[in-house]
Amino acid sequence: ACGLNNGGQIGDGTSTFQRTTPVQVSGITGITAIAGGGNHSLFLKNNGTVWACGYNAFGQLGDGTIIDKTIPVQISGLTGITAIAGGDYHSLFLKNDGTVWACGFNGYGQLGDGTIINKTIPVQVSGLNGITAIAGGYYHSLFLKNDGTVRTCGLNNVGQLGDGTTFNKTIAVQVSGLTGITAIANAGGHSLFLKNDATVMACGANGQGQLGDGSTTNKTIAVQVSGLIGITAIAGGYFHSLFLKNDGTVRACGYNLKGQLGDGTTTNKISPVQIYPCCTNPSIPTLAATANPICAGGATTLSIASGNLNSATNWGWYVASCGGTFVGAGSTITVSPTSTTTYFARGEGGCVISGACGSITITVNPSPIVNDSASSSVICNGSSTTLYGFGANTYSWLPVGGSGTPLTVTPNATTTYTVT
């Protein structure tokens, strides 16, 4: 385990503030499932017992105390457990007889025992049988029954219990209008339900669009998540939601300030968007020019001599600075600077962070003043004359298409020659 460890939730015998690399959890073997709460950890063993460590101020470790544990301890009185789930400060346990047990913080009735009293030893959730799956939210709990309906209890201030009200429930109630449910998920203040037709329903908090129904209005009755078909798994973050499709792609909606939706932006989404595949930033390109230096009024073509776009979608070209004034896109662009100019190029677009730039400076020399003369400006038909250029390093003559100086020509009629 790794990460925050202020309550001992890493389980390595320390309360070092954080672990930046994984360390082994002490003293447990035969683990078949794991679950994380707000600041505590749960471990299901292959013998049906459960072990826990971390923050324990509300009894969420279920060992009869409110003392934090830095090494996993066995949860009291539990056997035959087949699934575990962690809420922020409470823990849920599904037994092989279809009943559910719970311990920890119960201020909103999330333990479902008819009280709002915290429990340091697991108590049975009232009135539940035939339960096949459990999920723990911020301060509420979800229970999936073997008939495809869902029960829920706890905090309901934004409709997360889906019973059409905003009243907390200390005894599990049925989520309204849901049948054919095959999976459940919850996190912060919202709840998600996967149906047997591979669509998804949701209720509760929606201020960041986490319900994915195209709005930011909280819902006390489950609504369908927009545009989703072929969904095989669901998961909820505090303010966002994730949906796995049967083609292996993932959709997401909700809060996105830190890029948690993985769509290459930091903009919240009120309807599901596709998460990009793992992104690889572009390499820094090496740039080339067909001509450098050039004369004023001339042109040169810039190109990407080497470099990979990877997950970026195109090369962007800029002047003034990397990402400054945009002048074009693509692997080549033609430019006609009027003075010496530095050009920058980088890979950008798609899911990537815009890459670092390669650069090239195009030197612009003033156009030379070219003079010319001829050895003879009046000649007989069939005779030759020699043309001379002055003031430049290279010369191009028209209409003969010749270059250099001197240049001998034999016109057969009066002809005007131009040199550049």
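Colleague: K219 and D213: buried or exposed?

Modeller: K219 is buried, and D213 is buried too. Buried means under 20% relative accessible area, exposed over 50%, partly exposed in between (1.4 Å probe, protein chains only). This is a predicted model: local features need pLDDT of at least 70, and side-chain atom pairs count only at pLDDT 80 or more, while totals for chains, interfaces and linings use all residues. Residues are numbered from 1 along each chain as its sequence is written, and side-chain values use heavy atoms, with hydrogens and water left out.

Colleague: What makes K219 and D213 a salt bridge?

Modeller: The rule asks for a side-chain nitrogen of Lys or Arg within 4 Å of a carboxyl oxygen of Asp or Glu. The closest N and O atoms of K219 and D213 are 2.8 Å apart, and the pair forms a salt bridge. The count by this rule is seven.

Colleague: Why is D12 called buried?

Modeller: D12 has 15% relative accessibility, so D12 counts as buried. Its salt-bridge partner is R19, at 2.7 Å, N to O.

Colleague: Why does R19 count as partly exposed?

Modeller: R19 has 25% relative accessibility, so R19 falls in the partly exposed class.

Colleague: What makes a set of residues a nonpolar core?

Modeller: The members are buried Ala, Val, Leu, Ile, Met, Phe, Trp, Tyr and Cys residues joined through side-chain atoms within 4.5 Å. The largest such core here has 14 residues; L287, W317 and I362 are among those with the most contacts inside it. Strand β26 gives the most, with three residues. Strands are DSSP runs (E, at least two residues), numbered from the N terminus.

Notes
Helix = DSSP H or I, 4+ residues; strand = E, 2+ residues; numbered from the N terminus.
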